[in-house]
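Please look over the sequence and the coordinates before reading on. The paragraphs below go from the whole chain to its charged pairs and then to a packing of helices.

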Amino acid sequence: MTPATPTIAADRWRLWYPRGMLCAVCRQPTRGFGWFDPRRSKRPRPPVWFCSIPCQSFWTRLAREGFAMVDLTEEERAAITATMQRVALLMDEIGWATPLSELTEAQVRALIEEAVEGFREAMSDIAWVQTAEVPF
C-alpha cells in the first residue's frame, strides 16, 4: 500500500514527473512542463503536461481564451492542411487510383503514421511560432 503523501524524495519524484504521458498539444513525450487550471478551486485540479515551453504557452493562451472543444481551432485546421500535403505525397507513391479497399496493411499503416506524425509536427511548429516570449 502506497502512503497518501510520499515521504522520500524518490517517491515524490516518481509521482511528480509525468513519465509515459504525451504532450497535450503535439503528442510528443512530455518533458516536465505542466499546467493546471488555477481558476478551478476544488481539488483535484487535473494537470496537463507538455514537451516544451512553446506548447505550454500555446495551451495557456487557449485556456485564457476559453476552451472550445467542440470545434477545431484555427491552429488545428492549419495542422490538418499541413498534414494533407504529407499524406498526398504518400498517396502519390501508392497511386491515387488505388481504392482504399485494395490497400495493403503496410500501406494503411503508413498512411495513418504519416497523418499522425504530420499533425503532431504541424501543431508543434505552430506552438513554436506563436510563442514570442517565455510565459513567466
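A residue counts as buried when its relative accessible area is under 20%, as exposed when that area is over 50%, and as partly exposed in between, with a 1.4 Å probe and protein chains only. By this criterion, buried residues make up 30% of the 136 residues in the chain. The model is a predicted one, in which local features need pLDDT of at least 70 and side-chain atom pairs count only at pLDDT 80 or more, while totals for chains, interfaces and linings use all residues. Residues are numbered from 1 along each chain as its sequence is written, and side-chain values use heavy atoms, with hydrogens and water left out.

The chain has four helices and two strands, where helices (H or I, at least four residues) and strands (E, at least two) are DSSP runs numbered from the N terminus. Their order from the N terminus is α-β-β-α-α-α. Among the contacts with a separation of 6 or more, 52% are between residues 24 or more positions apart, a contact being heavy atoms within 4.5 Å. The accessible surface of the chain, from the Shrake-Rupley method with a 1.4 Å probe and, for residues, only the protein chains shown as cover, comes to about 9,800 Å², and carbon and sulfur atoms hold 60% of that surface.

Side chains of opposite charge can pair when their charged atoms come close. The term salt bridge is used here for a side-chain nitrogen of Lys or Arg within 4 Å of a carboxyl oxygen of Asp or Glu, and a search of the whole structure finds six of these. One of them joins E121 to R86, with the closest N and O atoms 2.9 Å apart. Because E121 lies in helix α4 (residues 105-130) and R86 in helix α3 (residues 74-94), this pair ties together parts that are 35 residues apart in sequence. E121 is partly exposed at a relative accessible area of 31%, and R86 is likewise partly exposed at 24%.

Within helix α4, R120 and E117 also form a salt bridge, with an N to O distance of 2.3 Å; these two residues are three apart, about one turn of the helix. R120 is buried, with a relative accessible area of 13%, whereas E117 is partly exposed at 29%. Through shared partners, salt bridges join R86, E114, E117, R120 and E121 into one network. Another pair in helix α4, E105 and R109, meets at 2.9 Å from N to O, and its members are four residues apart, or about one helical turn. Of this pair, E105 is exposed at 60% and R109 is partly exposed at 46%.

Two packed helices are described by the angle between their axes and the distance between the axes. For helix α2 (residues 53-65) and α4, the axes come within 8 Å and cross at roughly 80 degrees, where axes are lines fitted to C-alpha atoms, for helices over the stretch in contact, and angles run from 0 to 180 degrees between N-to-C directions. Angles under 35 degrees count as roughly parallel, over 145 as roughly antiparallel, 65 to 115 as roughly perpendicular and the rest as oblique, and α2 and α4 are therefore roughly perpendicular to each other. The contact involves P54, C55, F58 and R61 from α2, together with M123, I126, A127, W128 and Q130 from α4.

A residue of helix α3, E75, is buried at a relative accessible area of 11%. Apart from its neighbours within four places in sequence, E75 is in contact with F58, R61, M123, I126 and Q130.
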